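Thanks for coming, everyone. Please look at the sequence and the model on the screen.

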Amino acid sequence: MKTKLILLVFLISCSSTLSNEENNESSPESSTTTSTVPIEAQLLIKNIKDGKKGVVRIVTKGVKIEESSDNQLVKTQGDSSGSGFFISTDGFIVTNNHVVGGAVTIDVYIGEERNSYKAKIIGTSECDDIAILKINLPVGGAFYFEFDEINPVLGEDILAIGFPRGDEQITYLNGIVSKEKAEGSNQWSSIDYAFEHTAEILPGSSGGPIINEAGKVVGVAYAGNSDRQEFGIPSTVVKNTINQILDNTFNKTLGANGEQFLDFGMYIYSTEPNSPFDKAGFDGGELITHINGLDITAESTMDVYCSAIQTRGESAAIKFKGYDIDEKSDFEASVSLDGSNADFRLISTTTTTKPKVTTTTKPKVTTTVTTGVTKPNFTNKELSYWLNSLNDVTKYARWKQDQVTVGLYGDYSGLSESSLSQYILPDLSRLTGINFSLSLEPSDADIKIYFGDQSNWKSFYESCNPENIFYSNWRTYSGNRVTKNNICMIPSSYYSRQGFPWVGIDNLEEANICHVFHLRRALTLNAMFSQGNGSKDIYGDTVMTAGFCDVRTTYTELDESAIKIHYSDYIYNAQTKSEAYNLLK
């Protein structure tokens, strides 16, 4: 019998059916006699308080492809996490397709339970970014949500429930509907329209329910960006898709788990069993560059792909061209929605797949294995702060040895060495996991700091720039490893001279404080290969945003997070800023 969102009503004893809630604070009333209230009515979530009972945490193992800035697609493998929610008492779950796309294993955790259930994919819609999963409940039924029949209303109070950053604890994030209709296309889907809201959607929140005060689902969390814009898929837009997947009548899918990459095309992670793509011979690793003769490498969303399958009849063949990365060969394919056309063949002609349109070389795929290293959890604001501090720098580089020594040269008599050895270097050591220490033989130091007049900078270090008012950095690299660093700094006595009245310093003690701050800033920028940019309006006064002595501060929480991000083991092998960011986002 086909499962529906509106389930059959049947009677059952409360004492033998309900899922085990230890505190029973919101469980249906128990009775020693058979209840006359249908089980579906008892397990239906009707308020915000009970919303936590119907959500699940989804953990997958699989492969992801990300773009680096040097014309490569980087393959990573490891764990990822998302959210979902029950839509029936018997274990059917809604989540995002991109949460499970490319997954080899799918484990579902109900609420904050520690025991997991193996999930089966019932059906997907790559364009709606919807997937339906099913788990077998050992006892009783699941608390579940109903979908609202009305579109989200501007200003309406909403609540996003999920497991941001993969936390095992449920998180409630409240907000309002801030835009009723927004662009619905992105790199992994293309829905008719989304709605914008103010409940923060963090990594790991994707696929969770967005509910109203009555506990009804008004949308599915699916996207956010670095500008702190958050988006949901309206229930009214995808409810028919969900019902058709459950009825096994949904046919606007080729079964692709894919993602669009600008300048590359649409990468196929995997295909759903018995789907049209599966029948044709797609098995993951294909990069689609043309659809019905149209070059899609300049596209940044899946809009062209989704338009092609949504505007065609069931038996109409859609033609694809591209490059099979695993087979190292071009391919051509012809596929229809009903599978009556299902042809895939490798061809030996010269590829038209040109990364960045700068070379005829096939797209190069490298593998960065992250298995065994837990993906760190950082907020969008922390990642944005770290990214903005690098500004126009495209390279990702870091110190990689266990110890980094610092040597002092020139006139540093006004500087308290204890500030360096007791505060600045220990802070860097704690945050990076590398031992930063003063060198007893400064001629062999990894970081050499020269304190002198700007007019003497270039006579000491040819690369130090006198136009930089307080200090200048010079680094050398091997790959993404920093191998040497020289820093030129002005002596503390210069801070209180007439040339710097605008910094608000009128005595040597204040000058020394400012000097210590600039030394901390210079060493931090060196450690992070950063330009020290960032908006005070967005991030407040931090070491990265405070370039002068109008603000004298130690590390803020954002500064500490940025250093931890930069020295995360998860991005140890990244070569570019974009590659590192894509691994972490």
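First, the ground rules. This is a predicted model: local features need pLDDT of at least 70, side-chain atom pairs count only at pLDDT 80 or more, and totals for chains, interfaces and linings use all residues. Residues are numbered from 1 along each chain as its sequence is written, and side-chain values use heavy atoms, without hydrogens or water.

Now the overview. The protein has 13 helices and 28 strands. Both are DSSP runs, numbered from the N terminus: helices are H or I with at least four residues, strands are E with at least two. Of the 585 residues, 55% are buried. Buried means under 20% relative accessible area, exposed over 50%, partly exposed in between, with a 1.4 Å probe and protein chains only.

Next, the barrel. Six strands close it, in the order S8-S9-S12-S15-S14-S13, with antiparallel pairing. Two strands pair if DSSP finds at least two bridges between them. Take S13, residues 209-211, and S14, residues 217-224: three bridges join them. Ile211 stands opposite Val217 in S14.

On to helix H12, residues 557-566. Why is H12 largely enclosed by the rest of the structure? Because seven of its 10 residues are buried. Among them are Leu558, Ile563 and His566.

Last, a residue in a loop. Leu154 lies between strand S7 (130-134) and strand S8 (157-162). Is Leu154 buried or exposed? Its relative accessibility is 53%, so Leu154 counts as exposed.
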